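Please keep the sequence beside you as you read.

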Amino acid sequence: MSAPATSAPVQSSRRAFDVAAIRRQFPILERLSRGKQLIYLDNAATSQKPDAVIAALDHYYRAGNSNIHRGVYQLSEEATLAWEAARQRAGHFIGAPSSDEIVFVRGTTEAINLVASSFVRPRATATSVVLVTAMEHHANIVPWQLAGASTKAIPISGDGVLDLEAAERMLAERPILLAVAHVSNAIGTVNPVAELCRMAARHGVPVLVDGAQAAPHFAIDVQALGCDFYCFSSHKVFGPTGIGVLWGRSELLDGMPPYQGGGDMIDEVTFERTTFAPVPRRFEAGTPHIAGAVGLDAALGWFEAIDRDAAVRYEETLRDHATNVLGTIPGVRLFGAGAEKAPIATFTLDGVHPHDLASLLDGDGICVRAGHHCTQPLHRALGVPATVRASFAIYNTTAEIDALGDSVIRARTIMGR
């Protein structure tokens with residue numbers, strides 16, 4: 001199945017990042033919200049989609065829709081090739097040694113649940129511990145508990161930085177797994193994953209990395225990191241919802257039982273017993289999200305065509321500008337002040353509930369997230385029940401951040417603070 005062109009303008013690191021050229025490729029950014037120009041600052045929840053992805057999805061449904069691995073006719077063969085091309089692209093995106101180690105799932109949450117069900121549960125005993133961090137998303141806590149393990153958390157400093165001395169001590173206790181976010185979804189801390197993997201290797205502890213918040217922002221190389229599992233979601237890296245990627249070392253995946261049963265994950269079925277297909281198909285039961293894979297392929301291709309170093313520098317500018325703008329507003333308290341931080345600004349405003357503040361910002365067409373961001377243990381550690389989170393992508397601008405600051409000031413006035 002031939003797909004439409006999905007190229008993005010290649011940026012040169014010798015010139016300024018052309019955010020205007022990027023923005024023109026995202027049609028939703030042209031719409032109004034509450035009668036005002038939409039300012040979308042909820043990218044840590046989900047990113048917007050460029051024309052290249054929208055076109056790829058449209059082309060697939062108009063000209064290439066068919067089931068995969070089942071038909072000998074051309075349409076099915078083309079769909080199968082598109083599915084496997086997406087697997088190749090995803091493997092390349094994270095530096096996997098083989099695309100056979102790439103398992104398609106619904107997203108990061110399902111990837112973690114798969115590892116919990118097929119790797120941890122068969123090994124778990126009454127005393128098994130999965131070591132996490134105090135900043136983890138609930139999706140990197142609850143599945144381990146459901147799999148029969150208890151969870152213990154590496155503590156963090158007041159700045160939201162991991163205590164690496166405590167991590168070393170806790171890894172020496174030989175947990176069944178270390179499961180760590182590459183980037184905190186709530187406060188943006190970039191964790192020293194490579195260092196943690198080296199620590200874990202010294203103690204024979206396998207490592208899963210939740211890369212949901214890292215994939216949209218910087219290059220990933222699972223071999224350089226030294227982890228054993230890595231997962232990310234399409235919808236946070238400019239692709240469709242409902243599909244994601246789990247990478248695992250082949251020697252681990254080969255020893256894991258299936259996560260779900262159904263069609264296309266079998267070798268032979270009788271009424272007495274079933275034998276299973278090799279990895280990765282063993283973990284991909286039933287008709288998968290084929291269009292999602294096509295869209296993910298387009299999204300990663302689009303993203304890789306951009307000068308990633310220039311994009312990282314641009315997002316650092318957005319992060320620093322947001323810190324400066326919000327930090328000058330009386331009553332604003334910012335969270336997450338580590339030296340390594342993704343483009344996220346998490347804050348509260350004295351005397352104003354985060355939900356009320358987010359609602360007032362929405363009146364100005366500004367989309368932010370308010371609540372505990374699926375990190376209740378972290379918020380308990382921070383001493384607040386909820387925060388406001390503004391999270392930025394490569395299509396956001398400093399002018400939008402200025403508008404955010406102005407809106408927070410107006411909200412402060414409205415609320416009499």
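The lining of the second largest pocket has, by class, nine nonpolar, four polar and three charged residues, where Ala, Val, Leu, Ile, Met, Phe, Trp, Tyr, Cys and Pro count as nonpolar, Asp, Glu, Lys and Arg as charged, and the others, Gly among them, as polar. This is a predicted model, in which local features need pLDDT of at least 70 and side-chain atom pairs count only at pLDDT 80 or more, while totals for chains, interfaces and linings use all residues. Residues are numbered from 1 along each chain as its sequence is written, and side-chain values use heavy atoms, with hydrogens and water left out.

A pocket is, on a 1 Å grid over the protein atoms alone, an open set of points where a 1.4 Å probe fits, with protein on both sides within 12 Å along at least five of seven lines, and its lining residues have an atom within 4 Å of a point. The largest pocket is lined by 23 residues, and Ala-44, His-137, Asn-185, Gln-213 and Lys-236 lie nearest its centre. Its lining has nine nonpolar, ten polar and four charged residues, and helix α4 (residues 108-120) gives the most to it, with three residues; a helix here is a DSSP run of H or I with at least four residues, and a strand a run of E with at least two, numbered from the N terminus.

Because its relative accessibility is 39%, Phe-276 counts as partly exposed, a class that lies between buried (under 20% relative accessible area) and exposed (over 50%), with a 1.4 Å probe and protein chains only.
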